[in-house]
Amino acid sequence: MTDTVRSHVAGVHRDDVQQLQQALAGLTYPAEKWQVLAHVLGAERAEAGAVDLRLIDQLWALPAGRYPGFEHVLAGAARTARGHPRRRTALPHHTLTTR
């Protein structure tokens, strides 16, 4: 990852950039949002521990469309983080209720 890409995504922790880079390794660009998600959710990546639920949540929240390269996915993922500080936990626990 270049310093130029890092400077365009202020507020993204280096570890998060590395995790996204690992999760998207081998993805052919340009890629549609569904292709990004399918690549990340691949069984081999999930088993290797390259992704966590927080990353999947950020990518799921990406706007639909075509992403020309990694830096565009990274910028979109940074925007979907909704300004939350970096957390060690993947996602907050939600309680489901039935009626």
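Me: What covers the buried residues of α5?

Reply: Please bear in mind that this is a predicted model. The cover over the buried residues of α5 includes α2 (14-23), α3 (33-40) and α6 (70-80).

Me: Which residues of helix α5 are buried, and why do they line one face of the helix?

Reply: The general idea is that an α-helix has 3.6 residues a turn, so residues three or four places apart point the same way. In α5 (residues 53-60), the buried residues are Arg54, Leu55, Gln58 and Leu59. Viewed down the axis of α5, these buried residues fall within an arc of 130 degrees, so they line one face of the helix. Leu53 and Trp60, on the other side of α5, are exposed.

Me: Which residues are buried in α3?

Reply: They are Lys33, Val36, Leu37, His39 and Val40. Seen down the axis of α3, its buried residues lie within an arc of 160 degrees, and so they line one face of the helix.

Me: Which residues touch the most other members of the largest nonpolar core?

Reply: In soluble globular proteins, nonpolar side chains tend to be buried together. Here the largest nonpolar core has 18 residues, and those touching the most other members are Leu20, Leu24, Val36, Val40, Leu55, Leu59 and Val73. Two or more residues each come from α2, α3, α5 and α6, with α6 giving the largest share, four residues.

Me: With which residues is Leu59 in contact, leaving aside its neighbours within four places in sequence?

Reply: Leu59 contacts Leu20, Lys33, Val36, Leu37, Val40, Val73 and Ala77.

How values were computed. Residues numbered from 1 in each chain as written. Predicted model: local features only at pLDDT ≥ 70, side-chain atom pairs only at ≥ 80, totals over all residues. Heavy atoms only, no water. Buried < 20%, exposed > 50% of the residue type's maximum accessible area, 1.4 Å probe, protein only. Arc of directions from axis to C-beta. Contact = heavy atoms within 4.5 Å. Core = buried A, V, L, I, M, F, W, Y, C linked by side-chain atoms within 4.5 Å.
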